[in-house]
Amino acid sequence: MGAFQEGGLSRPESKITAAAPVAESLRQQLQRAAAGPQQGDRTVPAASPSASAIEARDTGAPVLDQQGPTGSVVVPIYRAGSTTTTTRERRAAIEGYRITPLVLTPVLKDHAPDGGGLAVRNPSGAVLAQTAGLGSHRFEVDLAVAEQPGWRVVGWLPAPGVSTGGWLSAVAIM
């Protein structure tokens, strides 16, 4: 049954098995962005940084950003040859930021449940990637990506219909 485990609906958070591969995809995209330029990157100047850019600048690490239609990874770019061991040094050496778009649709499609779908929500609740329309049985779980709280995977299944036996019984009663 795709990304959902078999069983009852008593523990919805246990139904999403897609959370691990989606979280791993986010981790890998953070690592690739930190390693160097990626296809689709753009560079922005250091002036007027977003909250995510400030976090990236001050920590020296890539940060998931919820801006844009698919979200992105923000990577600080420091002046070549600068010492960047402290926050103060990183703030003095920042030249700009590399913005790498997140690519989530393929992993969502690979792990979507039969007849249902998956989406990724950022910390403010916006949907950044989605495989199909929403069904009636909805499940949500935190992706637990270290240092990046609030990112969630949402899964859904269509509403169960009336079984053939149920319809036959209804017709027999009439």
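This is a predicted model: local features need pLDDT of at least 70, side-chain atom pairs count only at pLDDT 80 or more; totals for chains, interfaces and linings use all residues.
## Terms and basis

Residues are numbered from 1 along each chain as its sequence is written, and side-chain values use heavy atoms, with hydrogens and water left out.

## Overall layout

The chain has five helices and eight strands. These are DSSP runs, numbered from the N terminus: helices are H or I with at least four residues, strands are E with at least two. From the N terminus on, the order is α-β-α-β-β-α-β-α-β-β-β-β-α.

Of the 174 residues, 37% count as buried. Buried means under 20% relative accessible area, exposed over 50%, and partly exposed in between, with a 1.4 Å probe and protein chains only. The chain exposes about 9,600 Å², and carbon and sulfur atoms supply 55% of that area. Accessible areas come from the Shrake-Rupley method with a 1.4 Å probe; for residues, only the protein chains shown count as cover.

Contact means heavy atoms within 4.5 Å. Among contacts with a separation of 6 or more, 57% come from residues 24 or more positions apart.

## Confidence

pLDDT is the predictor's confidence in each residue, from 0 to 100. The chain averages 79, and 78% of the residues score at least 70. Confidence is highest in α3, at a mean of 96, and lowest in helix α5 (residues 164-173), at 59. Over residues 1-14 the pLDDT is below 50; this stretch has 36 contacts in the model beyond near neighbours in sequence.

## Nonpolar cores

A nonpolar core is a set of buried Ala, Val, Leu, Ile, Met, Phe, Trp, Tyr and Cys residues joined through side-chain atoms within 4.5 Å. The largest one has 24 residues; L108, L143 and V153 have the most contacts inside it. At least two residues of this core come from each of α1 (19-35), β3 (72-78), α4 (105-111), β5 (117-121) and β6 (127-130). The largest share, six residues, is from α1.

A second, separate core has nine residues, including A53, A56, V74 and Y97.

## Helix α2

Helix α2 spans residues 51-59, and its buried residues are S52, A53, A56, R57 and D58. Their cover includes β2 (63-65), β3, α3 (87-93) and β4 (94-101). After α2 comes G60, with a positive phi near 75 degrees.

## T100 and its surroundings

T100 is found in strand β4. The residue is buried, with a relative accessible area of 8%. Leaving out residues up to four places away in sequence, T100 touches A33, Q38, D41, S72 and V73. T100 and R42 are 58 residues apart along the chain, yet their C-alpha atoms are separated by 6.8 Å.

## Positive phi in two loops

S48 is not a glycine, but has a positive phi of about 50 degrees. S48 sits in the loop between β1 (42-45) and α2. With a relative accessible area of 72%, S48 is exposed.

A144 is not a glycine either, and its phi is positive, at about 50 degrees. The loop that holds A144 runs between β7 (137-142) and β8 (152-157). A144 counts as exposed, at 54% relative accessibility.
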